[in-house]
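Here is a brief report on one protein. Look over the sequence and the fold first, then read on.

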Amino acid sequence: MAEIVYPPVIAAARTLFRVLDIRFHMEGTEHVPRSGGAVLVSNHISYLDFIFAGFAALPSKRLVRFMAKEDVFTHRISGPLMRGMHHIPVDRGAGAGSYATALRMLKAGEVVGVFAEATISRSFTVKEIKNGAIRMAMATGTPIIPVSLWGSQRLWTKGRPRKLLQRHVPLSILVGEPMYPKRGENVDEHTADLHARLSELVDRAQRTYPEVPQGVWWQPAHLGGTAPTPEEAAAMDAAEAEARARRD
């Protein structure tokens, strides 16, 4: 497909991050295949994660087509960019169309990006994940590539003010070994395995991060931060969903 929008967007992002001195640490990028379809699955801690998860594939010279909520595609600024980069809009009320689009892209040899937690994790730990990524990989015979991000929450995350121009922020991107779920195998077992792999990658990114201060909002509770615990975060998510349902 024609790539008129994606390369300039990447170049602009790289320039901005150099100016801000975002200090990237990347491991395991060789696990992203240089050709053929793959499902890249990342944890979700920031509104900017599609940018940084996409960076994991750049050393392999791949562009990632992310599945993202439809609202992003209808926004007057982000919409044209998302469509121009051939990302995949997801209507949460009718997801069959986006799933079929993702399958077509995978079969055509594209890398499709998925945030399997569906929403940002307020606790900065890996939430329960959906099985869609596993089912897509099984249906198309493509590998799953797990990716962990850490540090992006300091720039812009749910419930916190944006600090997009913050300088010198370390940002870790760790890519795990591929998974190869096969058609007919147990979807739940593979989903649990993916959750375990993502959790291990995220924990390693957190514990090896250059800054591990105590008592800061962007650190998970189990490492001495003041982020909500997973249980508190789940209650906050439930309250938010209930309020949204009342508005609708």
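Which residues of strand S5 (residues 111–114) lie on each side, and are they buried or exposed? This is a predicted model. In the model, Val-111 and Gly-113 sit on one side of S5, and Val-112 and Val-114 sit on the other. These residues are all buried, and both faces of the strand are covered.

**Around S5**

S5 has parallel neighbours. Strand S2 (residues 38–42) pairs with S5 in the parallel sense, over four bridges. Strand S3 (residues 64–69) also runs parallel to S5, joined to it by three bridges. Ala-38 has Val-111 as its bridge partner in S5. Val-64 has Val-111 as its bridge partner there too.

**Around S7**

Strand S7 (residues 170–175) is mostly covered, with six of its six residues buried. Pro-170, Ser-172 and Leu-174 form one side. Leu-171, Ile-173 and Val-175 form the other. Both faces are covered.

S7 pairs in two senses. With strand S1 (residues 23–27) the sense is parallel, over five bridges. Here His-25 stands opposite Ser-172. With strand S6 (residues 144–150) the sense is antiparallel, over four bridges. Leu-149 has Ile-173 as its bridge partner in S7.

The pairings are set out below.

| Strands | Sense | Bridges |
|---|---|---|
| S1 and S7 | parallel | five bridges |
| S6 and S7 | antiparallel | four bridges |
| S2 and S5 | parallel | four bridges |
| S3 and S5 | parallel | three bridges |

**The whole protein**

The protein holds eight helices and seven strands. How does its radius of gyration fit a compact globule? A compact globule of 248 residues would have a value near 18 Å; the protein has 17 Å, so the two agree. Along the principal axes, the C-alpha atoms fill a box of roughly 45 × 40 × 40 Å.

Among contacts with a separation of 6 or more, 74% join residues 24 or more positions apart. Of the 248 residues, 46% count as buried.

Charge is the last point. The protein has 31 positive and 25 negative charges, and their mean positions are 7 Å apart.

Definitions and conventions
Residues are numbered from 1 along each chain as its sequence is written. This is a predicted model: local features need pLDDT of at least 70, side-chain atom pairs count only at pLDDT 80 or more; totals for chains, interfaces and linings use all residues. Side-chain values use heavy atoms; hydrogens and water are left out. The radius of gyration is taken over C-alpha atoms; the globule rule is 2.2 Å times the number of residues to the power 0.38. Buried means under 20% relative accessible area, exposed over 50%, partly exposed in between (1.4 Å probe, protein chains only). Contact means heavy atoms within 4.5 Å. Lys and Arg count as positive and Asp and Glu as negative; His and the chain ends are not counted. The place of a charge is taken as NZ of Lys, CZ of Arg, CG of Asp or CD of Glu. Two strands pair if DSSP finds at least two bridges between them.
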